[in-house]
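I opened the model today to look up helices, ring pairs and a few loop residues. My entries follow in the order I made them.

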Amino acid sequence: MSAEATNPATPGPVAGAMTPAVPRRKARARIDLRRLGRAALLGPASRGRLPDAIGHVVDAHRAHHPDADLEPLRRAYVLAESSHRGQMRKSGEPYITHPLAVTLILAELGAETTTLTASLLHDTVEDTDVTLDQVGEQFGAEVRFLVDGVTKLEKVDYGAAAEPETFRKMLVATGNDVRVMSIKLADRLHNMRTLGVMRPEKQARIAKVTRDVLIPLAERLGVQALKTELEDLVFAILHPEEYEHTRELIAENASRADDPLAEMVDEMRTVLREADIPAEVLIRPRHFVSVHRVSRKRGRLRGADFGRLLVLVNEDADCYGVLGELHTCMTPVVSEFKDFIAVPKFNLYQSLHTAVARADGQVAEVLIRTHQMHKVAEAGVVALGNPYAPPSEEQVAAGDGERADPTRPGWLSRLLDWQEAAPDPDTFWSTLREDLAQDREITVFRPDGGTLGLPEGATCVDAAYAQYGEDAHACIGARVNGRLATLSTVLRDGDTVQLLMGQDPASEPSREWLEHAHTAAARIAIQRWLAAHPAHGDSEVKDAEVAFRGAAEGSLYQAAAPEGPALRLGAEGPAGRSGGGNVLVDRAGATVRLAGCCTPVPPDDVTGFAVRGGVVTVHRVECSAVARMKGTGRAEVGVRWGDTTECRVTLVAESFVRPHLLADLTEAMAQEGAEIVSATVEPPSQQRVRHTYTVELPDAAMLPGLMRAMRNVGGVYDVSRAQPQTQGA
């Protein structure tokens, strides 16, 4: 059974200890799911029956949905009570108290009727003779779907892999309908409340799983009311001494005569009333784990550290109005300001965060949000209601039975994508925990206007696999905000990312990509490829296949150059062709040579300098060597372009590493009529490689077309003339 143990006397957080009743303080605590216990569920004591059990659920439901049809709840309770009749929990309570408690938790959060109906029935198919078809006949396809989703998580015993496989199934079920996860989280919360009859070692095991997986899932679904209570329950089990110390701190603070938070509330109310901004200002006490974290961060706690101030307004614009008034009339701590309204968190959370300081140095954190934002902040996806009810019905995918949930967060879609690729339960489990630990998300934009949701710290490698899946093996680079970037570049929220994909089907990922992969999808895809191609796994980086096609000889040279000195082919300097036949020099009998440092071509402005052997080297006038030689007193020799148009030029190509890249590049150069005189290829660095070519062209007018053709080769991101260097002529 999914709810196998209870003990209502289990030591753990209690509302009275966390939010003591202090008459002087007007406060609205977070949604307190603990206040309705066994007595509320069972109603007046009456042997053999549960007289008013469903009434508490109905009251909580009406508070959020006053016009809801309550008949399905009544019928679901009747079926659940009759089906579970005679079944007892380990604590001796009637089993029906468990589905009632789970349903009450969801009703307090504001879940819609369909979710509550399924919650009442969530154990009937698993633990009684009721069938899924009967549920569908009596309550409809939606309820049947939800009950089936919850039931599938409990059916199979996987032995040592039980937890990983259960949570893998949970993710799949959640991907089809987030209400399945809502029911499962409420189910775990009630079981955590009633964990006392279990052996300590089993309590610890369940608490650790709750801490590692379910609490992060509750956080990502935005169900803060569930998450905070689960955190406190886990804290009490795994760290009982620290929990007790925190309880004492809270009790000690509650007994103090002065209350700085209450004084600041009065001051804020006055400021906002004078500004004519309708607002509700409340004290929001911290829960146990929050107090513990603050005490570890700040040391000795003061009165303002035990809670935060919550300002609720009616309109979004009022949030910023409140912020302006508080920053004007009080002392703001500007470094604490965060705007989660303009940029919501990945779990739907919206609020303005700031902090104000008192004269005595105490700082109070302030949350500013609308009433609707507050509802979503507390209940997350539960507050969004039924995603399939009209008018959202058109968003449900049709045809193949696949259901598209409009409330599905981007992180959940990512988990669903990679969970299928995880090779075994252990890999899935460890990867899931790592992914859930990344509790902040960024949004990056594609050039086509689409977006990618990625965890904070994601790189271009992660973006590639998020957009293209395993086709990202062919990614050769990226542009971030219009600038060329390596695949290891860490992305920031709001970046625009253009991924550059190679055309060669033989393209393959590099082992070093694993060092830059931050997401589970990227790591698993790269690891699967490397496992399937073990021969490629020994090198630290992808081999650079360096191939040159000589235009004159038509021969092909290949070499691998992942490390070591640059590869040079061809002839340079005086031993090669001079290429200066179309330059006229004002010195009789002089031999002309075009300088290799700046490779001038018509119609560049040029000048010359005499060197040994009666040779005049020709430089572009902006070449740094010209300024240096002038500075040493070297005399210039007049040179000018002749009537011939043949030229020699040095081009620098920047590219990403991919197989056969240089063969494609030199072939494109040959097709443009360029004769490669010499070439230099530097060792690859961070998946990029730099090539330098000195080429002969029959006509200088061909140069722009040659450079354009080189840029059009896949993997080449820039081609430029060799820049003037400081080497001598």
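**Helix 12 and its end**

I started with helix 12, residues 200-220. Helix 12 has 21 residues and reaches 29 Å from its first C-alpha to its last, close to the 30 Å expected at 1.5 Å a residue. The expected span is 1.5 Å times one less than the number of residues. Helices here are DSSP runs of H or I with at least four residues, strands are runs of E with at least two, and both are numbered from the N terminus.

I note that this is a predicted model, where local features need pLDDT of at least 70, side-chain atom pairs count only at pLDDT 80 or more, and totals for chains, interfaces and linings use all residues. Residues are numbered from 1 along each chain as its sequence is written, and side-chain values use heavy atoms, with hydrogens and water left out.

Where does helix 12 bend? I found a bend of about 40° at R211. That bend is the angle between axes fitted to the seven residues ending there and the seven starting there. Just after helix 12, G222 has a positive phi of about 80°.

**Helix 11**

Helix 11 covers residues 178-193. Its 16 residues reach 23 Å from first C-alpha to last, close to the 22 Å expected at 1.5 Å a residue. I then checked burial: 16 of the 16 residues in helix 11 are buried. Buried means under 20% relative accessible area, exposed over 50%, and partly exposed in between (1.4 Å probe, protein chains only).

**Aromatic rings**

How many aromatic pairs does the structure hold? I count five. Rings of Phe, Tyr and Trp (its six-membered ring) pair if their centres lie within 6.5 Å; planes under 30 degrees apart count as stacked, over 60 as edge-to-face and the rest as tilted.

I looked at F235 and Y243. Their ring centres are 5.8 Å apart and their planes stand at 80°, so this pair is edge-to-face. Both F235 and Y243 are buried. Y243 also pairs with F288, and that pair is stacked, at 4.8 Å centre to centre with 20° between the planes. This second pair links distant parts of the chain: Y243 sits in helix 14 (residues 240-254) and F288 in helix 16 (residues 288-298), 45 residues apart.

Why do I call Y243 buried? Its relative accessibility is 4%. For F288 the value is 0%, so F288 counts as buried too. F235, Y243 and F288 form one aromatic cluster.

In helix 16, the buried residues include F288, V289, V291 and H292. G299 follows helix 16 and has a positive phi, near 80°.

**Helix 5 against helix 6**

I checked helix 5 (residues 97-109) and helix 6 (residues 113-120) next. They pack at an angle of about 165°, with their axes 8 Å apart. The axes are lines fitted to C-alpha atoms, for helices over the stretch in contact, and angles run from 0 to 180 degrees between N-to-C directions. Helix 5 and helix 6 are therefore roughly antiparallel, a label for angles over 145 degrees.

**Two loop residues**

D276 lies in the loop between helix 15 (260-274) and strand 1 (280-285). Its phi is near 60°, a positive value in a residue other than glycine. D276 is exposed, at 66% relative accessible area.

P94 is in the loop between helix 4 (71-84) and helix 5. P94 is partly exposed, at 28%. The C-alpha atoms of P94 and E81 are separated by 9.4 Å, and the two residues are 13 apart along the chain.

Note on methods. Parallel < 35°, antiparallel > 145°, perpendicular 65-115°, else oblique.
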